[in-house]
Amino acid sequence: MDWADSDSGEEALTEPLASSSPSPPPQDETKLPPPSIQLHLLKPPPETFGVSQRRNSVSLPARLDAMDSPTPSSSPALSIQDTSSRHGDDSSDDTFTDGDGALSEEDAVTVKVPLRTSRRKSVMPPSGIKINNGDFLESSDGPDHSPQNSITSINSISSLLKEKFALPFPAMLKKKRPQEYKLRAFVGILFLSIVFLVGFAYVYHQQVLQRAYFKSIRFNNEERIVRVFSNNGREIMYGHLGMHLGGDQAFRCLPNDILDDRSVCMEWMHKARLYINYTEHIGVRCYHVTWESLTSDFHPTDCYEWSDGHLYGGGQTQKMAWPIEKGSVKMSPFITGDVRQHEWGNVLKRYFISSNGVTVFVDPDTPLYVSVNSDRPRQFCLQARHDDFAYVYHSTPFPQLNYSICTSSNMKSLHSFFSEKQLWDGLKEEDLNVINSLLTEPVWQIPSSPGSELNEGAIYNYTEDVIALGFLRQGHVLLSEAWQPHVGDFVLDPFRFPTMDETIDIIHRRGFRIVFTIQPFLSTESTNFAEAVQKHLLVNERYTEHHIPALTRYKDVASAGMLDITNNKTVPWLQTKLKALVDKYHIDAFYLDVGTAYDMPHYYRFENQLTNPDQYKTIFTDSILSAVEVVGVSGAITRPKAPVFVSLPPFASSWKSMQSIIPTVLTYGVMGYPFIMPGAVGGDYRDSEESHAGVTGNATVMGNRSSESGGTSTHLPLPDKELYVRWLQLATFLPVIRYAHLPSKYGDERVLEMAKVLTALRLKIVNPLLVDKYVKDALEFGIPIIRPLWLLDPNDPTCHLVTDEFSVGDELIVAPVISPRTYEREVYLPAGVWKDGIDGSLRKGNRWLHSYAVPEDKVAYFIKMPDDTRF
């Protein structure tokens, strides 16, 4: 069927509705549209519309505001929105126009606009589709010829509004509710997907990106996380490398920057370069880490956590603890100092060991800073940094951090592997005799009375009092630097020691040996200072071209120079001075008070550069040891050659200081110093908490000066009686026992009797173990004489945490009382059978002895019995 054009523009499409109601008469004749665009109209019930009907017109409806709204019971009218545009009243295009006739009230329906082109077809649902109110769509037999079937695009707005308001509220809910469920389900699935992706990304970065460059170690390049595993796959160490690199990306090193084919090399542009290498020995795996800074303001910093393990080694700290993680150390240079003022003590070694079977060695040329529990708990950090004091001289323009991580099955076998072996190599018979004499005989320090000075009479009378006791053996009489008129004279004071050669002969006949303390410092008032300046023997100022000596303080000497031991002229000059003393007075040996790194001039400049200021101690000790006999040294960073003993730091005369002795002794032993010389019984100086003044030094023996070497102050008052007795009980089992005050000074027979019993105990039990067995083990295998309990049983976790017990070798456990007014304590015994030293009973090991009674005149010790011993 074709469309017909009308000149008047009034032709319309008409078709009777298929309903029982009569159709209104047609107004005009018109042609029907093609079947493809016929409208299917739904006849609503009569009550759908009101009496008054809106007239569809080309113009805007006159009473649009008065349009009747359907009642809630009305069925919604299904309509199609007319989207056609109006071209004007005079348009000859195919348009729909309104007729003059009106529909009856019963037959009024909403007329839908046919689409003008075949592309814009009707979307009216087919007949029979059910709508919400239960009605069905009915198909019409033909087009409706009523004028209402022709509406304009403007009138379609009204139809759209009526259609929207015609939807009942319950029906709207019924239609939207499934959509809401779908939206919620979509959001939930999206959330779970995001969680899964985030978790997957974390696992990917933490696990997939962790590459096992070498056996039992994984490293994440992006986050620089390193994990070290044991042989059975357990994580034993966790570390974060390059703490200050942030999120910078790592790149592979250029070929010319790779050291060798076995190294892994990564670079962070313009900041640092990292090398990781691997070596394996019998049962020991080592991973070597090297950071090279590419700029002066980048300080390589690596931090490690020890999982469930414990950390030992390094040296004495300001807050001394055993294990180390129980204390704290702020980030500071790893150089010797006085723990009353600095973070580290007088003896150090760049060696740390974990109970998980991991060790860390730091290269001696690394400008090392260390912190423990400083920023985060249980975190141990290493840093390389150049500064203007500790690490001024260096072999590389920018700081390098170079260290090794080694692992083994347990910490005992690992420690034994790295212990220095064959310490006896090069020893003479005289050296062995010196070692045995120090272990079996006391070292005597001579305190002075207030207002008195060290002189020949004091030395003579002190040795006579020792002999008068009858039960104490002769030993080494140790004199501080006070034997000189001024520090650095290297001659005896002629006023206080006019006939010292004769006095020393008397001392020798009584069975004593005489030891003088010397130091590398020269007071500006000494007779040798001017000569040393003239011959350029002193350390010079750093920022001068001329030989201007750099001055410092030493103990109570306000101004002193320091011998430049790296100068080839200095060593022969000093050796000549010392040999002259030996030849004239027949001195047996010297004790070296080398001070600490902080005793050096701040702006020091040596003839030959030292990458570490503490290297001075090693050079000075070796230089003196090659010319004269040396029995002890106040500080060290490497183990001196036997028979040199390393002194413990000075301890205050207090219970708190006494509690620090065992952790310090154990730490020095683990660090590789088997021959240790403790301080004086009862303490080395007055407790600063009592004096509120803070003693500035501690003299090795007596004199009017203080010493950092672990001796007694000039006028140390008699220690508390109970403290003295308990301290003596502890010292009885240490390698060397050192006296300042004789037990007879208390005027108490009980104190004197306890001293006799302890002396007999040492002669009977301790000395044979030291001389006949464990000294040989120390010289042969480097194993410490005084050992922590974990060296007896490394697999016992309780042994890792015991802080107030120690073992002499493997056969003698000592548990002294180190608190005031205490007469019982907790004692832990490792696996085995132990004989009680107090009552002689047998005790089964691997358990605690609770509330173990320890009277004032007793010390708890236990002797290891054979494994086949039965109760």
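## Two cis peptide bonds

Start in the loop between strand E26 (630-633) and strand E27 (645-647), where you will find Pro643. In this predicted model, the peptide bond that runs from Ala642 to Pro643 is cis, and its omega is near 15 degrees.

## Residues with a positive phi

Next, turn to the backbone angle phi. Most residues other than glycine have a negative phi. His586 is not a glycine, yet its phi is positive, at about 60 degrees. You can find His586 in the loop that links helix H8 (570-585) and strand E24 (589-592). Is His586 buried, partly exposed or exposed? Its relative accessible area is 46%, so His586 counts as partly exposed, since that class lies between the limits of 20% and 50%.

Ser851 also has a positive phi, near 50 degrees, and is a residue other than glycine. Ser851 sits in a strand, namely E36 (residues 847-853). With 43% relative accessibility, Ser851 is partly exposed.

Now follow a sheet across its strands. There are six of them, in the order E30-E31-E32-E37-E34-E35; the sheet is open and the pairing is antiparallel. Which strands stand at the edges? They are E30 (786-787) and E35 (842-844); each has a single partner strand, so one side of each has no neighbour in the sheet.

Take a look at how E35 is held by its partner. Strand E34 (residues 833-836) and E35 run antiparallel and are joined by three bridges.

Finally, look at the surface. Leu183, Phe186, Val187, Leu190, Ile194 and Val198 together make a nonpolar patch of about 580 Å².

Leu183 lies in helix H2, which covers residues 169-208. How does Leu183 count, as buried or exposed? Leu183 counts as exposed because its relative accessibility is 53%, and the exposed class begins over 50%.

Note on methods. Residues are numbered from 1 along each chain as its sequence is written. This is a predicted model: local features need pLDDT of at least 70, side-chain atom pairs count only at pLDDT 80 or more; totals for chains, interfaces and linings use all residues. Side-chain values use heavy atoms; hydrogens and water are left out. Patches are made of residues with over 30% relative accessible area and no salt bridge: like charges are joined within 9 Å, nonpolar side chains (Val, Leu, Ile, Met, Phe, Trp, Tyr) within 5 Å. Accessible areas come from the Shrake-Rupley method with a 1.4 Å probe; for residues, only the protein chains shown count as cover. A salt bridge is a side-chain nitrogen of Lys or Arg within 4 Å of a carboxyl oxygen of Asp or Glu. Helices (H or I, at least four residues) and strands (E, at least two) are DSSP runs, numbered from the N terminus. Buried means under 20% relative accessible area, exposed over 50%, partly exposed in between (1.4 Å probe, protein chains only). Two strands pair if DSSP finds at least two bridges between them.
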